[in-house]
Amino acid sequence: MKHHYKKSLAIILTISSIPGFIIAALVYWMGGGRLERELLHLHQLQIEQGAHNIDQQLSNLEVMLSHWASDNQFDYTLQEVDFHKNYDRVKDITQTLLVMEGSNTLTKRVELCLYKPSAILFDPQYSSIGKERFNQVYQGLLQTDKPSFWTQWAFDPDQPDEKDITLVQHIPGGSSQPFGALLLRLDSDKISSMIKSLMPYNEEESFLIQDSGGLYFSASGADAQAPLVKALREKIGEEPSERSFFYDWQGVTYTVSYGTFSRIASNWTYVSASPVPSITMPVLFISKLIFMLSIVALVLAGVLSWFASHRIFSPVKRLARQLAGDPHVQYNKGDEFAVIEKRWSLLHEQSHEMQNRLSGQLPHVQESFLRQLIQGYYYAYSEEDLKRRMESFRWEIRDRLFVVMYVQLTGITNRGGKFKFGDEGLATFAAVNIISELAGLHFEQHNAINLHNLKAALLVIAPNHEPLAGKLQTFSEELTQAFSQVLNMHMTMVISRPVGRITEIPAAFEGARQWAAFRNFSSKNQVIHMDRQPDIPADEELQYPLALERELIQALQIGQEETAYQLLESFLAALAVEGAKEIEVQMGMLHLLGSIQHAVMTSGIHPNRLFKGANMYEALSQIREPRFILEWFREKIVEPYLQEIVQRTDTQAKRVAEQAVEYIRQYYMKDISPESCAEHTGATLFSLCRSFKQATGKHFMDFVMEVRMDKAKQLLRDTDLLISDVAEQAGFQNSNFHRIFKKQEGMNPTQYKEFSRGKG
């Protein structure tokens, strides 16, 4: 067999050298003719493809900027914004410009320049520019009839030669009366790199030029008046119909390709000139080299084949034995290649399978899957489908239990803490890292999920037979201690019941999230187990401070700012008494918000105008910290309402209304009237009625009736007085008290008393 193998190898080597010799001769013969033309053609196609890519990127920039210019964020309302005060609007514009700046790699900077009513610049941070700088730099860009155009502009007056290719788009998009513009400045280095894609060889010259002459950019940095550049521009002007041609320059033949881009308000021309020898020289050199090597190989092939056969055969034999797994196995004739082929096919299949499995194990893929799972996006999948997907992500889920832990951070406003308001994202990120590290010490399989806004989740996968109660308790204690020491924050953790099916995980997460609302509002660190009943007594009554609500609304209606703030703090403190649940405090504050909005509408103010169309209930429901709740009410509710009251009520009317309210509160149990109140305050009856209605939004006697009804309901709830005594102390005549009370409350006083005490 070896003799046959050596003889065959020698014949093969000798014969294989002859085609190489023939091919080398053909390549050398074709290299100067057809092959040269094919290479030049391929070179031109490469340039056209590069030009197409450039054109596409510039078009994308134009479409993107036009789209943003038409966005509602850049409409005429910008002219009315006080950027020194409206920090939220400034922040939104800055973030939008940063998003635009990062949406394309060619972008160096995106700026917003407003010149009506005053010169303002976002680059992307907000700044006010002086008139002199505006006239020097931006006036020429903004005060033009073109709504959108390209230019090459110097933004630094001290360096007029440093110019950026800039796309200018007036705002609002499509408006005939713009008041500013979006400026998209391109990175010169990246533009240079992009144009260099048109010149595969170092000796080339490539440049872009605007047909109107206002824009020029060379990849090599050559000046517009450089001899070669100037000569190429003149030659292109003489042959407008030819998109490629040969051009002789200083003894060197160049292949020149050029074309045009249709840009906004103008056309651009790209030019690429490559020396022909640089393109064809490698082919000619290689063809000669192949020719010479083929001659040498033809002579030496017969001599070396006999010496090489033994060395070539030995590795093949060793490889076959190693692949078979037994170095002492003896093969019959022809077995080596059969073994190699069989083993290689098997190893290739195994490698392909391992690669596919490995590619799906990235941590962010796992987190993305779990996030969608707990949010219910896989509700249509069967249990087996979900098992196959999780197993493909390298989870061991057969004969396993799943536990979901919902974690909510509180106490970000602690004095001396590492985080402050606005750092919720950073604090949540740090918390998720801590959860992952500690979970790795206790659980074999775990995945932490960042839910943002100081919330996180942890999925633990444990064997069915493994006791989890002790591990969960130890883990929760260590996590509480870590949050206190590292983050200086508190934690509420809800631990779901263990579930045995993947399809039950979303329900377990949603249940844990809802149970977090039953945390004790006054406590700092809490661990809630869903396999235990929440600590809610069956006969517990919600203590809602109705009297404080009424006093707060009355203080708002007459513009008593400091009193309103004090009552707001007292109201929250009354809700957040010892043992109060978070959901109770939240519902109470939402009810207060509804009452204030009702008072706003009663006073003739439209809530959408006062609160600028924002969903105040949704915003309030996302706040957990008492300090943030008070600040939110003060900034978003109380201050706008008081400002509106101050604008609608003059000082004299406010004083009269305050005296009238005080008079009613003092003498409501007596037979009072607008006339007696006017005499008490020293105002005319007409002035009293007008001022009271303007300040409170109610008529005098309607307000008296409300105060009396509040007092009557308080006495019915909190005392054991007879109905007649209640009527007398509240200022009603006993004869009509029942009729008035039933008309106002939908039930008679006796029924109300029984209902308020839980007997109804």
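Analyst: One convention first: helices (H or I, at least four residues) and strands (E, at least two) are DSSP runs, numbered from the N terminus. This is a predicted model, where local features need pLDDT of at least 70, side-chain atom pairs count only at pLDDT 80 or more, and totals for chains, interfaces and linings use all residues. Residues are numbered from 1 along each chain as its sequence is written, and side-chain values use heavy atoms, leaving out hydrogens and water.

User: Thanks! How many helices and strands are in the chain?

Analyst: The chain has 26 helices and 16 strands.

User: And how much of the chain is buried?

Analyst: Of the 760 residues, 44% are buried. Buried means under 20% relative accessible area, exposed over 50%, and partly exposed in between (1.4 Å probe, protein chains only).

User: What share of the contacts join residues at least 24 apart?

Analyst: If you take contacts (heavy atoms within 4.5 Å) between residues at least 6 apart in sequence, 63% of them join residues at least 24 apart.

User: On to the inside. Which residues have the most contacts in the largest nonpolar core?

Analyst: Those are Phe475, Phe483, Met589 and Phe633, in a core of 66 residues. A nonpolar core is a set of buried Ala, Val, Leu, Ile, Met, Phe, Trp, Tyr and Cys residues joined through side-chain atoms within 4.5 Å.

User: Which helix gives the largest share of this core?

Analyst: That would be helix α19, residues 626-648, which supplies 9 residues.

User: You named Phe483. What does Phe483 touch?

Analyst: Leaving aside residues up to four places away in sequence, Phe483 touches Val407, Leu409, Ala431, Ile434, Ile435, Asn488, Met489 and Met491. Apart from this core lies another one of 39 residues, including Leu58, Phe74, Leu97 and Ile171.

User: Now Asp399: what is its phi, and is Asp399 buried or exposed?

Analyst: Asp399 has a positive phi of about 55° and is not a glycine either. You'll find Asp399 in the loop between α10 (383-392) and β12 (400-410). At a relative accessible area of 61%, Asp399 is exposed.

User: Switching to prolines. Is the peptide bond from Asp123 to Pro124 cis or trans?

Analyst: The Asp123 to Pro124 bond is cis, with omega near -10°. Pro124 belongs to the loop between β2 (120-122) and β3 (126-128).

User: What about the bond from Ile171 to Pro172?

Analyst: That peptide bond is cis too, with omega near -5°. Pro172 is in the loop that runs between β5 (164-171) and β6 (180-186). Ile171 is also among the residues of the 39-residue core.

User: Let's do helix packing. At what angle do α23 and α25 pack?

Analyst: Helix α23 and helix α25 (residues 734-745) pack at about 95°, with their axes 12 Å apart. Axes are lines fitted to C-alpha atoms, for helices over the stretch in contact, with angles running from 0 to 180 degrees between N-to-C directions. So α23 is roughly perpendicular to α25. Angles under 35 degrees count as roughly parallel, over 145 as roughly antiparallel, 65 to 115 as roughly perpendicular and the rest as oblique.

User: Which residues make the contact of α23 and α25?

Analyst: From α23 there are Met705, Met709, Ala712, Lys713 and Leu716, and from α25 there are Phe737, Ile740, Phe741, Gln744 and Glu745.

User: And how do α23 and α26 cross?

Analyst: Helix α23 (residues 700-718) and helix α26 (residues 749-756) have axes that come within 8 Å and cross at roughly 55°. The two helices are therefore oblique to each other. Lys713, Leu716 and Arg717 of α23 make this contact with Pro749, Tyr752, Lys753 and Ser756 of α26.

User: What about α14 and α23?

Analyst: The axis of helix α14 (residues 546-557) comes within 11 Å of that of α23, crossing at roughly 165°. α14 and α23 are therefore roughly antiparallel. Leu546, Arg550 and Gln554 in α14 meet Phe703, Glu706, Val707, Asp710 and Arg717 in α23.

User: Last one: how many Å apart are Gln659 and Ala678 in space?

Analyst: Their C-alpha atoms are 9.7 Å apart, and the two residues are 19 apart in sequence. Gln659 is in helix α20, residues 651-667, and is partly exposed at a relative accessible area of 29%.
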